[in-house]
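Subject: A structure for you to explore

Hi there,

Here is the structure I promised to send you. Have a look at it in your viewer first, and then read on for what was found in it.

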Amino acid sequence: MSKNKTLLALALALFAGGTLAADPLQPARPRTNPEVSCLIQPSLEINVGTPVDGVIEAVSVDRGDIVSPGQLLARLNAGVEAASVDTQAAKAEFGARKRQRNEELQRKQLISTQELDELATDQQMAELELRERRERLKLRAIHSPIRGVIVDVYRQRGDLVKQEKIFRIAQLDPLYVETILPSRMFGKVRAGQVYDVTPELTPTPQKAKVSQVDRVIDAASGTFRVRLLLANPRFDLPSGQRCAINFQL
């Protein structure tokens, strides 16, 4: 969800619920209900793909699966690249043996130092090229950069991909709790404070810590945004649900 859509959804929920809505022409009255509406979102959503072209050989995960950092998600056909690595590895090994033999000859002064230096340079270049080919081979395997949940799988085995996204992953620990507050509460809510958040699908309040408070008040609406962090280590709480925050200080 984009920031604009999130802002609109929160604003509608906030003012429709009447929790903090007020007629600016009427005198302020004491507030007995400190709860405001909020929205629970993933703390991070990323698209994972491949920087190279190829045919998908295998897909290891499906939508809804929990993945860990470094876990293999999919693999592209890599027969040519693997053979190229094997060929270059053989060349590098041969260069090492050749250099070792010529070091013995150089100690016996049967070859010049310059000739030995040329052999050493050739071996070093072969090893660098082997390293480059191995890095290219690694690009054929797609791994998860974060711990999260697979939200979407865009391609399957046998599909031809051309440097495009294949998976969308959401990080659900921690979760972001987004809300909008009226300007009269500016300065009362600060980073580091802990409040009770009650998710729509879970009646039990959860502790969340304020991580970010806008430093600019929106002049048109007279509101500012606040973000809280909600721990979700077992992924028990789904994102996308509405919630309520008790801002009783």
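Let's start with Gln123, which you will find in helix H3, the stretch covering residues 113–138. Is Gln123 buried or exposed? Its relative accessibility is 10%, and since anything under 20% is called buried, Gln123 counts as buried. Leaving aside residues up to four places away in sequence, Gln123 touches Ala92, Gly95, Ala96 and Arg99. Please keep in mind throughout that this is a predicted model.

Now for the strands. There is an open sheet of 4 strands, and their order is S5-S4-S2-S7, with antiparallel pairing. Which strands stand at the edges? They are S5 (141–143) and S7 (160–162); each has a single partner strand, so one side of each is left without a neighbour in the sheet. On average, neighbouring strands in this sheet are turned by 40 degrees against each other, with direction ignored.

You can follow the pairing residue by residue. Strand S2 (residues 53–59) and strand S4 (residues 72–76) run antiparallel and are joined by 3 bridges. Val59 has Ala74 in S4 as its bridge partner, and Ile56 has Leu76 in S4. On to the next pair: S4 and S5 are also antiparallel, again over 3 bridges.

Strand S3 (residues 66–67) runs antiparallel to strand S6 (residues 148–153), and 2 bridges join them. Ile66 is the residue opposite Val149 in S6. S6 also pairs in the antiparallel sense with strand S8 (residues 165–182), over 4 bridges. In that pairing, Asp152 has Arg168 in S8 as its bridge partner.

You will find Arg63 in the loop between S2 and S3, and with a relative accessible area of 62% it is exposed. Which residues does Arg63 touch, if those up to four places away in sequence are not counted? They are Ile150, Val151, Asp152 and Val153. Arg63 and Arg168 are 105 residues apart along the chain, and their C-alpha atoms are separated by 9.1 Å.

Finally, the aromatic rings. How many aromatic pairs does a search of the whole structure find? The count is 2. In one of them, Phe186 and Phe224, the ring centres are 5.2 Å apart and the planes stand at 85 degrees; planes over 60 degrees apart count as edge-to-face, so this pair is edge-to-face. Phe186 sits in the loop between S8 and strand S9 (194–199), while Phe224 belongs to strand S11 (residues 223–230), so the pair ties together parts that are 38 residues apart in sequence. Phe186 is partly exposed, with a relative accessible area of 38%, whereas Phe224 is buried at 1% relative accessibility.

Two rings also have a charged residue over the face. Lys165 lies over the face of Tyr154, 4.7 Å from the ring centre. Arg227 lies over the face of Tyr176, at 4.0 Å from the ring centre.

Enjoy exploring, and write back with any questions!

Best wishes

Notes: Residues numbered from 1 in each chain as written. Predicted model: local features only at pLDDT ≥ 70, side-chain atom pairs only at ≥ 80, totals over all residues. Heavy atoms only, no water. Pairing = 2+ DSSP bridges. Axes fitted to C-alpha atoms, helices over the stretch in contact; angles between N-to-C directions. Buried < 20%, exposed > 50% of the residue type's maximum accessible area, 1.4 Å probe, protein only. Contact = heavy atoms within 4.5 Å. Phe/Tyr/Trp six-rings, centres within 6.5 Å; stacked < 30°, edge-to-face > 60°. Lys NZ or Arg CZ within 6 Å of the ring centre and 35° of its normal.
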